[in-house]
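Student: I would like a close look at one part of this model, then the setting around it. Please keep it brisk.

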Amino acid sequence: MQEFHEHRRATAWARKSLGAVADSPRDTAGAADATEFRISAGDRLRIDALETGRLYRHVTGIDHEARLMTPQELAELGDPMATVLFRRNIFPMTVQELLAALPQPTTPSQQAVYLISEAGQIPPDTAPGLHRDIRFAITRCVQGRDVDLLVSTGANADPATTFLQVAAWDPIAKVFNYYMRITPTWVWAGNSWSALAPGSRGNGCFDSHINGSVVMKELRQPWLNWQSQAATIQLAPDDPLRGDPLYQQVSGAQNLELTVRSLVSRWTAARLAAVTADGTIEHPDHLLRHLFTTTSVNLTSSATQSATITPTGDDLPLPAGLWLNNDALLDDLALPATASLPLAPASRYVDSLTTFGFRLEEKAGGFSRTGDSFFAFVTPEAAYEDNDVVRQMVQQAIIPAKFAACALMVDFTNPVFSTDRARLMAYVPTAPTAVAALSDRIVQAILAAAAKLPATSPEARFAAAWNLTDNSWATTFAQRIDTYLGHVTARIRTPSGFDDYVRLAESRRREFRAMRLNEFELTLPVTDIPADAPRLTMLEDATVTP
Amino acid sequence: MSTINAYDPPGRLTDLDETGLKAWNVFITNSIDQAIKGPDAGQALNDSPRSQFYDLTRTDTAADATEAPVTWTAFPRRIKVHSIGDNQRWQRADASRDVQDEYCEWSVTRDPSSGKITQVMFTCEGPEYWDLLAQSSPATVLQLYRTHISPNVQQNDLFGIDGSYQRRNRWNDSTTHGAMHLIQAANTLGAEIELAAAASIVRVVNGQELTTDQELIQCGKYGEPERNSDPHIGGAVNAIARQKADIALTNPVGLYFDDLKTDGWAAPDGSDPKSYWTYRRGDATHPVRAVYEVPADRNFTVGDITINGTPIQYGAQIADFITIRLSAVACRFGQSTGQPQTACVQFPPPPAGPAAPALAAVPLSAHGYRSSPAAPSSLTTRRR
């Protein structure tokens with residue numbers, strides 16, 4: 001049986017047990033950039049049996065092997081790949097053929113090309129043997145004025161053999177369809193609902209497209225790893241990529257951020273409309289996990305290049321997402337907090353690089369270099385795709401704003417990977433529940449449990465918040481946030497305080513490393529902090545504790 | 001290709017008469033000449049010559065020329081990275097023109113009863129053009145203000161007792177009463193020219209070639225590292241210089257609106273939100289003035305348009321989606337014989353004794369310019 005090979009390296013998975021993943025431990029399919037997905041984490045496709053010019057389906061976790069899509073199945077796909085290409089028996093085998101086969105853009109804004117590489121800021125002449133894994137992400141408006149097709153493919157590799165994957169929006173079914181080329185044809189790998197279905201959730205491409213939408217991990221300024229207005233991916237003077245017409249169209253990731261946010265929101269809106277259409281939510285836990293748990297994360301960092309920070313430099317604003325879920329609490333729920341962003345003394349940051357042995361490492365390639373990631377202090381933050389579900393649920397009155405705020409204020413100093421907040425999922429019904437009864441049912445269950453639990457329990461903390469009056473909860477929460485950030489602002493200037501926050505960020509990075517979203521060793525810096533160090537928690541007095 | 005005869009006005013605007021056009025060309029060529037020369041060693045070390053920067057009117061553009069557009073987001077980065085959330089940063093950016101430092105400034109008009117935004121006007125026109133226009137044709141300036149800002153603008157609103165044009169006047173000094181042209185102290189064409197020229201110096205410090213935007217701006221000291229624009233412009237220019245090419249700013253020298261993206265925007269009636277973005281000054285490829293406004297015959301306003309489901313409540317929300325552009329032209333790739341600077345820019349301590357006279361035409365401020373001592377008034381000024 002011929003191996004499926006049109007995939008890309010995922011160096012961070014090399015040391016994980018992946019069962020039947022490809023023979024080379026460094027080779028796994030897929031990616032987690034704007035449009036990327038993987039079709040197999042352990043599957044082997046019988047690609048020797050695939051016929052040219054036929055569309056197959058293979059939804060990992062559902063389909064044991066690829067099979068031909070029926071004419072009816074193909075007719076039900078309403079995205080541009082299906083309607084413009086496959087239904088007309090057009091099966092482009094390279095990204096160039098794909099873009100040429102689509103209706104040509106009539107304005108520059110109808111196509112945009114972006115570039116990403118986790119090794120992109122390591123000067124090529126200093127690490128000549130380092131795989132740079134440069135990829136294109138390409139957005140296209142095919143059937144209207146909005147982006148409806150996203151391509152992900154290798155940039156510095158043979159276009160005929162590098163991975164080529166597409167996420168395409170179906171305006172009728174209101175889902176993203178996920179495709180990948182497996183020479184000599186294409187495979188449909190599922191749609192957005194597949195990400196939520198028990199069999200396929202977390203499998204194949206849905207281990208990064210966790211909730212069914214496109215993914216851009218580094219979604220916020222300075223868009224670490226992406227070429228942007230903040231940084232240019234470094235190429236050798238004679239790199240043939242310079243002559244690639246696609247490379248010459250590359251624009252900054254600041255634009256892709258806007259596109260990806262809108263696409264995530266598009267899917268969230270479609271999803272909520274579908275699951276609430278008859279007034280009953282069949283799987284309330286599927287929605288509420290976005291509020292109580294961390295289904296995914298984004299990566300954020302300071303906007304300052306780490307190598308330019310000197311002990312006598314200006315204070316360093318660390319990313320707000322390190323301290324709290326600022327997007328949800330301060331923007332979406334508009335809690336009237338007035339605190340400023342805590343600033344760290346540059347000298348503390350510089351000292352920490354030595355204290356903790358910061359370095360970039362790719363063990364798979366034998367690469368190691370002292371120092372932090374290109375932009376300083378990268379850390380996971382609450383995922384836009386989680387927050388967007390919560391925001392839209394509030395906007396559509398599926399849950400009240402107060403309910404969302406009370407949930408998020410439980411352990412609000414730990415915006416991601418909070419076990420306390422996750423514990424409240426136990427009170428979310430898993431059976432079909434009327435929209436009108438949903439939040440009240442959860443609240444009553446938590447209140448009942450809280451009555452029998454200590455005041456420090458997550459249930460009791462939620463209950464205390466819930467018992468605030470409608471006129472006072474927002475200001476009370478805002479005051480707690482202001483007080484907490486005041487403590488952070490003071491502690492971050494102390495050696496022990498700053499080092500605690502370095503350990504806290506590393507603790508959260510360890511959690512991220514355990515996720516399939518973490519594909520490349522060079523995505524994050526490593527430190528001397530042991531990999532089995534206890535998970536750390538931030539308290540409201542801005543101290544850090546195991 | 002050959003030289004051009006003269007630099008056109010920004011956006012190829014048609015306000016100037018023949019005399020004004022000649023004066024504008026002189027202003028630009030003088031600014032470029034001064035920027036090519038750079039400060040002498042008594043004023044700044046390791047900041048000249050700028051041998052790879054050239055004047056389109058005096059030096060040929062070779063056949064291998066390529067254009068290199070540089071774009072950046074209009075929302076001020078300094079505000080963004082120092083704010084704890086979107087609401088806070090939008091409020092801050094909408095509060096003062098002095099923080100709108102990405103070569104784009106705006107003013108917001110609201111419905112007095114509902115508070116909803118009805119119009120946001122954006123400008124990226126440098127103030128120097130208006131200084132010159134005011135000298136050559138004050139009546140035109142008044143007419144333009146009445147056309148674009150308010151019919152109520154009066155002559156003495158714009159001109160001082162001595163007849164001099166006031167860049168900051170009651171119709172152009174706030175985020176609520178109109179934005180005719182740039183007034184933030186660092187937002188000038190002179191700064192753009194000086195920045196591009198200074199960034200054309202290749203630097204190899206301690207044996208290492210500097211290549212990143214932030215390293216280059218820290219070493220070259222040609223602008224404010226905390227902006228989107230300055231490091232990015234400098235990085236793009238320097239990347240060309242490192243290919244041993246010559247660089248010039250394209251004609252017409254200026255700052256232009258590149259685009260308004262509307263991903264995730266929705267109008268209440270399903271109409272295209274981008275259709276409400278119109279350019280009001282500049283030619284088709286060099287717009288310098290834009291307005292976001294819903295026509296009166298529609299049954300909604302800007303404040304009813306949503307972005308990913310959230311209504312537009314601030315002009316700054318729109319600025320998040322605007323990109324500003326300048327364009328450079330590069331040629332003679334691989335032919336430059338200029339040698340890299342091996343050290344960073346250093347400013348000598350100010351001389352003892354009476355304070356030296358200020359040479360910049362604009363007031364210095366924490367957010368604005370610091371004059372380049374070698375430069376004549378308002379020509380080469382360094383963004384700081």
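Student: Which residues does Ala505(A) touch, not counting residues up to four places away in sequence?

Tutor: Ala505(A) touches Leu322(A), Phe377(A) and Thr379(A), leaving aside residues up to four places away in sequence. Touching here is contact, defined as heavy atoms within 4.5 Å.

A word on the ground rules. This is a predicted model, in which local features need pLDDT of at least 70 and side-chain atom pairs count only at pLDDT 80 or more, while totals for chains, interfaces and linings use all residues. Residues are numbered from 1 along each chain as its sequence is written, chains are lettered from A and ligands numbered from 1 in the order in which they are written, and side-chain values use heavy atoms, with hydrogens and water left out.

Back to Ala505(A). This residue sits in helix H14 of chain A, residues 495–513. Helices (H or I, at least four residues) and strands (E, at least two) are DSSP runs, numbered from the N terminus. Ala505(A) counts as buried because its relative accessibility is 0%. The classes are: buried under 20% relative accessible area, exposed over 50%, partly exposed in between, with a 1.4 Å probe and protein chains only. One of its contacts, Phe377(A), is 128 residues away in sequence. Their C-alpha atoms are 8.0 Å apart in space.

Thr354(A) belongs to helix H7 of chain A, residues 346–355. Its relative accessible area is 67%, so Thr354(A) is exposed. Thr354(A) and Leu224(A) are separated by 130 residues in sequence and by 22 Å in space, C-alpha to C-alpha.

Now the whole of chain A. It has 14 helices and 20 strands. Of its 546 residues, 63% are buried. Take the contacts in chain A between residues at least 6 apart in sequence: 69% join residues at least 24 apart. The C-alpha atoms fill a box of roughly 65 × 60 × 45 Å along the principal axes. The radius of gyration of chain A is 24 Å, which agrees with the value near 24 Å for a compact globule of 546 residues. That radius is taken over C-alpha atoms, and the globule rule is 2.2 Å times the number of residues to the power 0.38.

Chain A also meets chain B. In that interface, 41 residues of chain A contact 38 residues of chain B. Together the two chains bury about 2900 Å², 43% of it on carbon and sulfur atoms. Buried area is the accessible area (1.4 Å probe) that two parts lose on being put together, summed over both. On the chain A side, Arg145(A), Gln229(A) and Leu258(A) lose the most area to chain B, together 21% of what that side buries.

Chain B has 10 helices and 15 strands. Buried residues are 58% of its 384. For chain B the radius of gyration is 21 Å, in agreement with the value near 21 Å for a compact globule of 384 residues. Its C-alpha box is roughly 65 × 50 × 45 Å, along the principal axes. Helix H7 of chain B, residues 189–199, is mostly covered, with 11 of its 11 residues buried. Among them are Leu189(B), Glu192(B), Ile193(B), Glu194(B) and Leu195(B).
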